[in-house]
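Here are my notes on this model, written as numbered points. Please keep the structure open while you read.

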Amino acid sequence: MSRVAHLLFGIVAYGVFLGVFLYLIGFVGDLAVLPRTVDHPASALAPVAAIAVDALLILVFGLQHSIMARAGFKAAWTRIVPEAIERSLFVLFASAALVLLFLFWQPLRGDVWDVRGTLGAPLLWVVFGAGWGIVLLSTFLINHFELFGLSQVWNQLRQRPAAAPVLRQPLLYKLVRHPLYSGFFIAFWATPHMSYGHALLAVGMSVYMLIAIVYEERDLVRMFGQDYEEYRGRVGKLAPRLRRAR
Ligand SMILES: C[S@@+](CC[C@H](N)C(=O)[O-])C[C@H]1O[C@@H](n2cnc3c(N)ncnc32)[C@H](O)[C@@H]1O
């Protein structure tokens, strides 16, 4: 019974994540039909207080992601929660951190740039869409259903052992080591209207991703040893290397 309950839990967590991911695209893109976005509604707080609230929200997201992704945390956590739903719980906590950000984000007025109504605007929207496309594609290249916890609950239902970790290098992973994060960088920065609030979100998320890469690569070296060292020596971090490493 618990195997079926775990499967249902995994499916619900995945559904929640999908909804939150779609809302995130609209939130960052300041989609007018949404009740709250990176730029709307205007904040009632003084700018310094608004920046403090926003920074705290980004920190909560960053800490949740960084702590719950570490091997040491997972080892301790799976003494309390079933191993099969550990990833689904990660996905639910990550979704909760994003919902908090959507609910309490304080837009900041003032523009870093505003090219709406110019030829640059449609171009930037295309780049914005491409960024989210790269994020989604990367999840499938690395293993979408494992990344979001579905493989784990499915394997448990079928009483199959968890698959051993594999160092993947298909398509985009041949060009850069972190295409998913490259996609997020593009999606957060490519906008025709960069308000101060949007810039704060883009800077905060960029800093988080740069830190996350350091910790993630430590784990990857521990997992894959020399194979990952060799991959790191050959392939760029977020952008393709122009010259081949010798
Ligand atoms: C959110 S994904 C991000 C993947 C990668 N940093 C990127 O930006 O495309 C994080 C998970 O991917 C795993 N991972 C990262 N690179 C990998 C690779 N080349 N092959 C297999 N797993 C990888 C990490 O161990 C971690 O569990």
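1. Start with a term. Helices here are DSSP runs of at least four residues, numbered from the N terminus. Keep in mind that this is a predicted model.

2. Which of them gives the most to the nonpolar patch? H2 does, with five residues. Leu103, for its part, belongs to helix H4.

3. Now turn to the ligand. The shell around it holds 13 residues, and Arg168, Tyr173, His178, Leu180 and Glu216 come nearest. Sorted by class, the shell has 10 nonpolar residues, one polar residue and two charged residues.

4. The side chain of Tyr173 has an N or O atom 2.5 Å from a ligand oxygen. Pro179 places a backbone N or O atom 3.3 Å from an oxygen atom of the ligand. For Tyr181, a backbone N or O atom is 3.0 Å from a ligand oxygen. How much of the ligand's accessible area does the protein cover? On its own the ligand has 560 Å², and the protein covers 84% of that. Helix H9 (179-189) and helix H10 (196-224) are the elements that give two or more residues to the shell.

5. Follow H10 along its length. With 29 residues at 1.5 Å a residue, H10 should span 42 Å. The C-alpha atoms at its ends are 41 Å apart, so the model agrees with that expectation. Just after H10 comes Gly225, with a positive phi of about 55°.

6. Count the salt bridges, taking a side-chain nitrogen of Lys or Arg within 4 Å of a carboxyl oxygen of Asp or Glu. The total is seven. One of them joins the side chains of Asp219 and Arg70, at 2.9 Å from N to O.

7. Finish with the backbone. Most residues other than glycine have a negative phi, and most peptide bonds are trans. Two places deserve a look. The bond joining His40 and Pro41 is a cis peptide bond, with omega at about -10°. Pro41 is in the loop between helix H1 (2-28) and H2. Asn143 is not a glycine, yet its phi is positive, at about 135°. Find Asn143 in the loop between helix H5 (120-142) and helix H6 (144-147).

Notes:
Residues are numbered from 1 along each chain as its sequence is written. This is a predicted model: local features need pLDDT of at least 70, side-chain atom pairs count only at pLDDT 80 or more; totals for chains, interfaces and linings use all residues. Side-chain values use heavy atoms; hydrogens and water are left out. A residue is near a molecule or strand if one of its heavy atoms lies within 4 Å of it. A polar contact is a pair of N or O atoms within 3.5 Å; within protein, one must be able to donate a hydrogen and the other to accept it, and residues adjacent in sequence count only if both atoms are side-chain atoms. Accessible areas come from the Shrake-Rupley method with a 1.4 Å probe; for residues, only the protein chains shown count as cover. Ala, Val, Leu, Ile, Met, Phe, Trp, Tyr, Cys and Pro count as nonpolar, Asp, Glu, Lys and Arg as charged, and the others, Gly among them, as polar. The expected span of a helix is 1.5 Å times one less than its number of residues.
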